[in-house]
Amino acid sequence: MALFIYKTKFTGKSLIHLQQIDSTNTYAKELLAKTTPKNGTVILADEQLNGRGQGTNIWKSEARKNITASIIYFPDKLLAINHFMLNMKVALAVVATLKQYLNNQLIQIKWPNDIYVDEKKIAGILIENTISGQFITKSVIGIGLNVNQTHFLDLTLATSMQIVEKTSFDLNTVLQTLLVHIENWYMSDYSKPELQKKYEFNLYLKNITHSFMYKESIINGKIIGVNEHGQLLIETTNGIEAFNQREISFGLSR
């Protein structure tokens, strides 16, 4: 697949297209350690053998069926304490992309960085930042988007654009759309409260009573949003509590 990114201002103008790689995020970080790539450089893989998700999770993707890519950005004066603003922007960009292609579907963000359609995972995001002093100086944004894959190890947990719409999609077209939305959101000047409001509007299980796993115990509560640090806010019998990533899980399905 010959690719030329033409719809963005700078994202993807420098494009590294690989047939096969363990992880595009790992490749991007190694590239940053050796050279100074252009702002907005995109590493795209036809097949990702060991894609990384949050924590120890692995993103498995069928060759030439999906989008597995990482974007290198050099944020301008983004304070490290505001790191979750970048997470919110990228998640909202993926939601906006899917809304262009999926008709009448409920597209939601499962905190912190998964995208769900019909309560099944369709995309995952992994953002890894380099901090110098008080600022984020380098950011690697990894995205896995299920486009044309129709066979998964567990179809009760995963879905794709083709499964949802019952038609195949041109990967290059979807990639162009995705990069445009990411660049637009990345460059947007929304305040943190404005971003939180938009993020929370699309938040999976918001205001719905659910069971969560916390320190090997089950707690019941309702997600009411996120705080300025990106912690998940859950209203429990003890009041409103804040939880960090990997501290709480949605292990019990509803």
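This is a predicted model: local features need pLDDT of at least 70, side-chain atom pairs count only at pLDDT 80 or more; totals for chains, interfaces and linings use all residues.
1. By name they are Ala-69, Ser-70, Ile-71, Ile-141, Ile-143, Leu-175, Leu-178 and Leu-179. Three elements each supply at least two residues of this lining: strand E5 (67-73), strand E10 (135-145) and helix H4 (171-187). The volume of the second largest cavity is about 30 Å³, and the count of cavities of 30 Å³ or more comes to two.

2. While you are at strand E10, have a look at Gly-144, which lies in that strand. Is Gly-144 buried or exposed? With a relative accessible area of 4%, Gly-144 is buried, because the cut-off for that word is under 20%. Between Gly-144 and Gln-162 there are 15 Å in space, taken from C-alpha to C-alpha, and the two are 18 residues apart in sequence.

3. Next, the open counterpart of the cavity. The second largest pocket has a volume of about 290 Å³. Its lining is made of 13 residues, and Asp-76, Leu-78, Lys-89, Tyr-186 and Ser-188 are the ones that lie nearest the centre of the pocket. Strand E6 (78-79), helix H2 and helix H4 each supply at least two lining residues, and H2 gives the most, with three. By class, this lining holds eight nonpolar, two polar and three charged residues.

4. Which residues have the most contacts inside the largest nonpolar core? They are Ile-67, Ile-115 and Met-161, in a core of 62 residues. Helix H2 (residues 83-101) provides the largest share of this core, 12 residues. There is also a second, separate core of nine residues, and Leu-18, Ala-28, Ile-43 and Ile-72 are included in it.

5. Ile-115 deserves a click of its own. Once neighbours within four places in sequence are set aside, Ile-115 is in contact with Ala-91, Val-94, Val-95 and Leu-98, among others. Further contacts of Ile-115 include Ile-107, Gln-108 and Ile-109, as well as Lys-120, Lys-121, Ile-122, Ala-123 and Ile-125.

6. Two strands show how well covered parts of the model are. Strand E2 (residues 41-48) has seven of its eight residues buried, and is mostly covered. Strand E1 (residues 15-21) runs parallel to E2, and six bridges join the two. Within this pair, Leu-15 stands opposite Val-42 in E2.

7. The other covered strand is E13 (residues 232-236). Why is E13 described as largely enclosed by the rest of the structure? Four of its five residues are buried, so the strand is largely enclosed. On one side of the pairing, strand E12 (residues 217-226) runs antiparallel to E13 and is joined to it by four bridges. Gly-225 has Leu-233 in E13 as its bridge partner. The hairpin of E12 and E13 has five residues between the strands, and in it Gly-230 takes a positive phi near 90 degrees.

8. E13 has a further partner in strand E14 (residues 239-243): these two strands run antiparallel and are joined by five bridges. Glu-235 stands opposite Ile-240 in E14. E13 and E14 also form a hairpin, with two residues between them.

9. Trp-111 and Pro-112 are joined by a cis peptide bond, with omega about 0 degrees. Pro-112 has its place in the loop between strand E7 (107-110) and strand E8 (114-117).

10. Lys-77, in the loop between E5 and E6, has a phi of about 60 degrees. Lys-77 is exposed, with a relative accessible area of 69%. Glu-119 has a phi near 60 degrees and is found in the loop between E8 and strand E9 (120-132). Glu-119 counts as partly exposed, at 36% relative accessibility.

Technical notes: Residues are numbered from 1 along each chain as its sequence is written. Side-chain values use heavy atoms; hydrogens and water are left out. On a 1 Å grid over the protein atoms alone, a cavity is a set of points where a 1.4 Å probe fits but cannot get out, and a pocket is an open set with protein on both sides within 12 Å along at least five of seven lines; lining residues have an atom within 4 Å of a point. Grid points are joined across faces, edges and corners, and a volume is the space filled by probe spheres set on the points. A nonpolar core is a set of buried Ala, Val, Leu, Ile, Met, Phe, Trp, Tyr and Cys residues joined through side-chain atoms within 4.5 Å. Buried means under 20% relative accessible area, exposed over 50%, partly exposed in between (1.4 Å probe, protein chains only). Contact means heavy atoms within 4.5 Å. Two strands pair if DSSP finds at least two bridges between them. Ala, Val, Leu, Ile, Met, Phe, Trp, Tyr, Cys and Pro count as nonpolar, Asp, Glu, Lys and Arg as charged, and the others, Gly among them, as polar.
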